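Visitor: I have a new model open and I'd like to learn how to read it. Could you walk me through it, one feature at a time?

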Amino acid sequence: MARNLNIKMKKIILLLIGGLLLTSCVDKKKEGVETSEESKVVTYNYSVVFDAIYKKEDSIKVYYKLNGYFNYDNPVVAKINGSDSIQKIKIDMPAEIAVENFSIVASTNKDQNTLVIRNISVERNNKIIFDGSEYKYNDYFLSDESFSWDDKNQRFNLNHSNKYPPGIIGNDKLEGLMFN
């Protein structure tokens, strides 16, 4: 009987030690998970995507808003080849910048008199966060006085004689979508 009691005691002690070891391993695993989740870095890679017809060679300048201010010193510039066909133009912002909004000079070529813009969309990490196709961008971007809409031809007439080249800027609705 004493021998059975010793065996039972040994089993109980082994179970207690095993339980303690399992619990401490689980705690260490949880700590490791929490640490790795805390160290995850959120990355932002924004792009502006246009579907547009530029009949003549041109360039687009995109200024991005960061920390409440537009960075007018360092625009992201995209060269455009002239074409009578619609072109998909993707302009990538500098990596890992949490862009708040966009101000866009849509044309720098003074000989570009008209411009068809069917889409202005915004992507973050290659996923569309704003779909501006089929002219939906009109509710999220404001154009300046250098743009006038030609309803008959479904295009913008551009005026390069103003103080600034033809430009558009995202409004508050667009800013509200940037971090959703």
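Predicted model: local features only at pLDDT ≥ 70, side-chain atom pairs only at ≥ 80, totals over all residues.

Visitor: How do I read the fold along the sequence? How many helices and strands are there?

Guide: Count the elements, then look at their order. Here you have 2 helices and 12 strands. For contacts with a separation of 6 or more, 70% link residues 24 or more positions apart.

Visitor: And the core? Which residues touch the most other members?

Guide: For a nonpolar core, look for buried nonpolar side chains joined to one another. The largest one here has 33 residues, and Phe50, Ile60, Ile91, Met93, Phe102 and Ile104 touch the most other members. Several strands supply at least two residues each, among them strand 1 (46–53), strand 2 (58–66) and strand 7 (114–124).

Visitor: Pick one of those for me. What is Ile60 in contact with, leaving aside its neighbours within four places in sequence?

Guide: Its partners include Phe50, Tyr54, Val76, Ile80, Ile91, Ile104 and Ala106.

Visitor: Now pockets. Which residues line the largest pocket?

Guide: The volume is about 220 Å³. The lining is made of Tyr63, Tyr72, Ser103, Ile104, Val105, Asp144, Glu145, Tyr164, Pro165, Gly167, Ile168 and Ile169. Strand 6 (101–105) and strand 12 (167–170) are the elements that give two or more residues to this lining. By type, the lining has 8 nonpolar, 2 polar and 2 charged residues. Notice that Ile104 turns up in this lining as well as in the largest nonpolar core.

Visitor: Last one: backbone angles. Where is Asn67 found, and is Asn67 buried or exposed?

Guide: Asn67 has one, near 55°, and sits in the loop between strand 2 and strand 3 (69–70). Asn67 counts as exposed because its relative accessibility is 63%, and the cut-off is over 50%. Tyr135 also has a positive phi, near 70°, and its place is the loop between strand 8 (127–130) and strand 9 (141–143).

Notes. Residues numbered from 1 in each chain as written. Heavy atoms only, no water. Helix = DSSP H or I, 4+ residues; strand = E, 2+ residues; numbered from the N terminus. Contact = heavy atoms within 4.5 Å. 1 Å grid on protein atoms, 1.4 Å probe; cavity = no way out; pocket = protein on both sides within 12 Å on 5 of 7 lines; lining within 4 Å. Points joined across faces, edges and corners; volume = space filled by probe spheres on them. Nonpolar A, V, L, I, M, F, W, Y, C, P; charged D, E, K, R; others polar. Core = buried A, V, L, I, M, F, W, Y, C linked by side-chain atoms within 4.5 Å. Buried < 20%, exposed > 50% of the residue type's maximum accessible area, 1.4 Å probe, protein only.
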